[in-house]
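This report looks at how two chains of a model meet, and then turns to a single residue elsewhere in the assembly.

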Number of protein chains: 4
Amino acid sequence: MTTFEEITPRLETLAIEVPSWAYGNSGTRFKVFGSRGTPRTVQEKIDDAAQVHRFTGLAPAVALHIPWDLVDDFAALRSYAEDRGLRIGTINSNTFQDDVYKFGSLAAADPGVRRTAIDHHLRCVEIMTATGSRDLKIWLADGSNYPGQNDLRQRQDTLAESLTEIYGQLSGDQRLVLEYKFFEPAFYATDVPDWGTSYVQVAALGERAMVCLDTGHHAPGTNIEFIVAQLLRLGKLGAFDFNSRFYADDDLIVGAADPFQLFRIMAEVVRGGGLDPATGVAFMLDQCHNIEDKIPGQIRSVLNVAEMTARALLIDREALATAQAANDVLTANGVLMDAFYTDVRRDLAAWRDSKGLPADPMAAFAESGYLQQVAADRVGGQQAGWGA
Amino acid sequence: MTTFEEITPRLETLAIEVPSWAYGNSGTRFKVFGSRGTPRTVQEKIDDAAQVHRFTGLAPAVALHIPWDLVDDFAALRSYAEDRGLRIGTINSNTFQDDVYKFGSLAAADPGVRRTAIDHHLRCVEIMTATGSRDLKIWLADGSNYPGQNDLRQRQDTLAESLTEIYGQLSGDQRLVLEYKFFEPAFYATDVPDWGTSYVQVAALGERAMVCLDTGHHAPGTNIEFIVAQLLRLGKLGAFDFNSRFYADDDLIVGAADPFQLFRIMAEVVRGGGLDPATGVAFMLDQCHNIEDKIPGQIRSVLNVAEMTARALLIDREALATAQAANDVLTANGVLMDAFYTDVRRDLAAWRDSKGLPADPMAAFAESGYLQQVAADRVGGQQAGWGA
Amino acid sequence: MTTFEEITPRLETLAIEVPSWAYGNSGTRFKVFGSRGTPRTVQEKIDDAAQVHRFTGLAPAVALHIPWDLVDDFAALRSYAEDRGLRIGTINSNTFQDDVYKFGSLAAADPGVRRTAIDHHLRCVEIMTATGSRDLKIWLADGSNYPGQNDLRQRQDTLAESLTEIYGQLSGDQRLVLEYKFFEPAFYATDVPDWGTSYVQVAALGERAMVCLDTGHHAPGTNIEFIVAQLLRLGKLGAFDFNSRFYADDDLIVGAADPFQLFRIMAEVVRGGGLDPATGVAFMLDQCHNIEDKIPGQIRSVLNVAEMTARALLIDREALATAQAANDVLTANGVLMDAFYTDVRRDLAAWRDSKGLPADPMAAFAESGYLQQVAADRVGGQQAGWGA
Amino acid sequence: MTTFEEITPRLETLAIEVPSWAYGNSGTRFKVFGSRGTPRTVQEKIDDAAQVHRFTGLAPAVALHIPWDLVDDFAALRSYAEDRGLRIGTINSNTFQDDVYKFGSLAAADPGVRRTAIDHHLRCVEIMTATGSRDLKIWLADGSNYPGQNDLRQRQDTLAESLTEIYGQLSGDQRLVLEYKFFEPAFYATDVPDWGTSYVQVAALGERAMVCLDTGHHAPGTNIEFIVAQLLRLGKLGAFDFNSRFYADDDLIVGAADPFQLFRIMAEVVRGGGLDPATGVAFMLDQCHNIEDKIPGQIRSVLNVAEMTARALLIDREALATAQAANDVLTANGVLMDAFYTDVRRDLAAWRDSKGLPADPMAAFAESGYLQQVAADRVGGQQAGWGA
């Protein structure tokens, strides 16, 4: 079996983007609970994100959500982040909260609505240029609640037109990543419901258009690691939105609901070369901390990804290939499980320690008093949230 | 086959409760879209509910949600409703929106929280007495998002204690109906997740405790009509919360997603005697009209229930029994499908016409100008909604 | 609304393929029940298939399953079918019942196994030429039961190579249609699990390679009509395998589990031009009649497709487009439902009558005495079945 | 945290029943693959089962399936097993493979069929007495494939009558355990589809009637550990049928698909006292080894249960209770995960070694040459299987 020492060089390249919105309040349609110390501004969100990186060394980028994170001066915001050791990651457009988007955005039947939505994306591209962000991530709430409400076929063509205009505005190494989602907020048909649809849309755009895979956006039972393998094979896996779920798009801490699934996903990432930075896969969290503390929730998530990546790297690939070639089902499965069941936590602690990071980031953060400090400091103002 | 004339006496007994909250704004965690003319007060909700009854003759009761519909004088509210031809239906308690309920209510670990939640229910019982409402419906958001968060076993016992105290305060023919839900807002474990749990809890309480079946609260693939048959057999089907769904608890218009399922449910209601008012089954709508007009959405829903009830009544029970006894699968299924495929809309229109009701309630309501009137009248104030 | 007379010309073009194996015994892993009169030979299967066409006028082709339907002289079999008014439809390869395929066929790790599987397909192509069949349908049982058992990524490449060799042997207007399936018999990963995978595989092959959509091969909740619309848009919908299901791949009579879904599927077929024979969509049944009579089960299925096609053709497209453009959700949905709820059975009976066909095919077949006749005649021999 | 030494006394009580049919051939409706060395007789199955116990020390009982394991002299069979260190465990009735059961057994409409099915169960009770078996397990394939086929309501009453007669024949400490199953082989309605139905049926019978929970028999997303907790609370958890699944009732090796779920289940077993032999919970495997070696598959399964039981026992219950009481979500979850992530394999190996068992049962069995020996010895005859 591979040793931990052998895998550390590859662990060093792991970089996880944290989402600015994870530090704001979130909830369900029933209730959004607030909590003391929640950021009021994008700067405070970046402060919180910096804590995650400070204690884990694994989260050097923070993704923004536009318009939630709109500021007048994005160059200044970039500097603000860089001063705290972070870069600005993916720019996430948001075309689901303005009243104009009630019946869709980039795929809407109404040309005026589409214009508004496209213009919003063009503004996002400007923000990317100003912040040095590489990726424009598009997740669309577009869809319908009742059969007959929309012309499913027409909306695919309409969407393709909208995406083409946006894609045309990208420059340099900027990329467009298109997310798919099985359902919610649309309850009958979603305009980009599955990886196949996202793939055919981005394949029509060009090389710098890729698919974004959110681990919570699939039908029950879907084999997600298969999709990972397929998209890496096709050269179209642009990004992950990591989270976990027992039911629908629950947006729980990644690895919390099914750690073995996260392991299998990371095993396919490793197998398909996705850990190689040249492949361009962005590893992002996209979660809601509805009832748990947000910063520790993010730290826990980053650690989960790292732990499962380590286990995936520990797979004895040679033994696996031998067993697979021999159709020795139990041995092949056993090789995989051996890596999964290996407790890497002590090795990872030592590795962190060797880099001047806390061996136990959760405990170290708790002891830092940061949460108590922001609870005391952040009084008044409007706590950030989804604003639904 | 049974004729339409033969079934009209049984259709006459059909009474569907509409929920006050269906007339307020609702949405998803992503966005709640407002609309012109949305009620600001419970009285305006009752005004809207009265329209549904006026145009269908089928919706003589309006259910309330406490605290959303709190007023100082419930006796006056009862009169307000009666003046508009409605009675006050089920009182729905709500223990999921106060900050104190972040980690549960009747099943919470914290005794102080439980006290608050029980007291809220006792207040609801007082409201029932003041309004002449028969049923206290309890739907609990209680549950957990992460394994280990709660002691699943302990919470069942705690819940039983809380329910016992509430049940003890009921008097006369007042009933407690306990709703179950598969998931949401809890994303790991729900404290009353299935009919079995609701059944064992209410069976422990006594005769006037019953199960509430919400058609959207089941795992994918669940055979809901089987549960209907089983609960009627056990004498424990207290109420329906009607709606429909393609995915999770989508709360779409009942019958919109799977009209054949609604037909099968009503067929088991008929088979099990549930249409007989003496059985005490409350037929209630519990829906969200996120993007469609709310009052027409309710009218459409009431009509759907009536249409499927009519079809269910048309089943040739004798031919069905004969085919079932002979294990003649195709004939038995054919007898059922024959009733389902029968277009009862013209007969129902004539029936309505004979009772002085509009033959086409959707068209008649549209022509009434009510929506335009309330859009003009209801200016200013705070539109009602879930207040999440 | 469109009248029935207006749609009859388009109904005339409807042709449904029946599968030879539907007339043999089938069942579950628990038990295959036999029945009297079950065919022993492919000729007897064709005799039974001819009954379906005789009583419905809608089923002029019979699909074969190789090796179940292997004969020495396929030209003679073609004549046998043509003498009974049928043509030979799709040739379905079968690479899941020989012991050599235990760990896969076209995607297997073992080159010898792949060679055997490819050769089997080349033989199928010869049978196509001999029988005048247009389509080679490939459904693969390939996959794995345990994580680690197979190299998911490698198998996609291997499969692509195998398909390329087979595709290269097609001539004239012969086509390859690749079916996908969510799971079963593989219980961890299926090598062609979804429409996206089938699409990328056939797109790489060329114009005469298409996707086959089996209505029972999706994850719970999947919006199948969306896939229909998407594949028609991409010009890649080659064939349907019609059946229905409540749970997994139940292979029930099409339309039996969710008639509204079948209606929505046919509505998208109509919308996307799929009823036009030039589009080349093959409408095939693929069902198991485990407990019901097989020939009447097929007749019922063919009628269900025709009834839902008629309803789909009745949709008032103009009114629908108007309501969609106005985002009038309830009206748009209402236009669709109006067509669905229209009882077309009497009109279809008159249409059949006008063509010299029985108004009630189910009753006419029952009265024909065919089942009693074959039960008496087909004594001895080995009843056809899946041979699992 | 609890130490491994502290938990060994409780591990000592763990006893897992293996099913005789796991050593025969099994498969899907598509194909049952044979393998060399498969038992031909129940005695050879017991020989194989004895290997599992010999190498693990955890599997002292073998369950039988009647009629698959019918012998003339069950007392002799009991001795045969005891001579190999095994006792006869649960007697599983089988009323799904005789032609007479095509439309049901204990719940069938036909009184003659019910009589046959009841008599079969009475014979099973005699076998229990002869073999010293405590439990009669009833799993019913009863159900329907099409709506209307059966009278759902009537069948519950019919089933209750049949069970009452069978239950009345039990004596001493004999028990009846009633299994439930979501679907398959019935594809529309199953007569005992969920724990609620099983519970109300056995509760009506009496104290020695219990529920059997098969881990593969639930709807997608069902929280199985909740059901475990609830049934233990109600004193009605009679038995487990362990296996695992990604999709439907896949019958994979327990723990293979979702090891974290198995851990959570065992955690609730521990929490609810289910490990205490006095509670009477039977821990049985019910799996199919379609493509993997059967005896190693059983060894792997037994080890998986033991490993997850050990991890569940390691949970720091005090720390968990403290965090739960404080609603400290992340800490409570962290306490649970800490136990799950602990690699107990080395400790378990040492524990086995201390008891004279092989440290690595999988390797030791492979080295024993048993598989090669039976492959050489068991030539000719009819390999055992489901006989579907």
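Between chain A and chain B, 18 residue pairs are in polar contact, both partners of each pair having a pLDDT of 80 or more; the model is a predicted one. By class, the side of chain A that touches chain B comprises 25 nonpolar, seven polar and eleven charged residues. The rule for salt bridges finds eight of them across this interface, and one is formed by B:Arg29 with A:Glu184, whose closest N and O atoms lie 3.0 Å apart.

The overall extent of the interface between chain A and chain B can be set out as follows.

| Item | Value |
|---|---|
| Residues of chain A in contact with chain B | 43 residues |
| Residues of chain B in contact with chain A | 43 residues |
| Area buried between chain A and chain B | about 4300 Å² |
| Share of that area from carbon and sulfur atoms | 62% |

Of the area that chain A buries against chain B, 22% is supplied by A:Arg29, A:Phe30 and A:Tyr247, which is more than any other three residues supply.

A separate point of interest is C:Asp191, which sits in the loop between strand S7 (189-190) and helix H6 (195-205) of chain C. Because its relative accessibility is 2%, and the cut-off for a buried residue is under 20%, C:Asp191 counts as buried. Leaving aside residues up to four places away in sequence, C:Asp191 touches A:Phe226 of chain A, and within chain C it touches C:Ala107, C:Asp142, C:Gly143, C:Arg155, C:Gln156, C:Leu159 and C:Thr197.

Note on methods. Residues are numbered from 1 along each chain as its sequence is written. Chains are lettered from A and ligands numbered from 1 in the order in which they are written. This is a predicted model: local features need pLDDT of at least 70, side-chain atom pairs count only at pLDDT 80 or more; totals for chains, interfaces and linings use all residues. Side-chain values use heavy atoms; hydrogens and water are left out. Contact means heavy atoms within 4.5 Å. Buried area is the accessible area (1.4 Å probe) that two parts lose on being put together, summed over both. A salt bridge is a side-chain nitrogen of Lys or Arg within 4 Å of a carboxyl oxygen of Asp or Glu. A polar contact is a pair of N or O atoms within 3.5 Å; within protein, one must be able to donate a hydrogen and the other to accept it, and residues adjacent in sequence count only if both atoms are side-chain atoms. Ala, Val, Leu, Ile, Met, Phe, Trp, Tyr, Cys and Pro count as nonpolar, Asp, Glu, Lys and Arg as charged, and the others, Gly among them, as polar. Helices (H or I, at least four residues) and strands (E, at least two) are DSSP runs, numbered from the N terminus. Buried means under 20% relative accessible area, exposed over 50%, partly exposed in between (1.4 Å probe, protein chains only).
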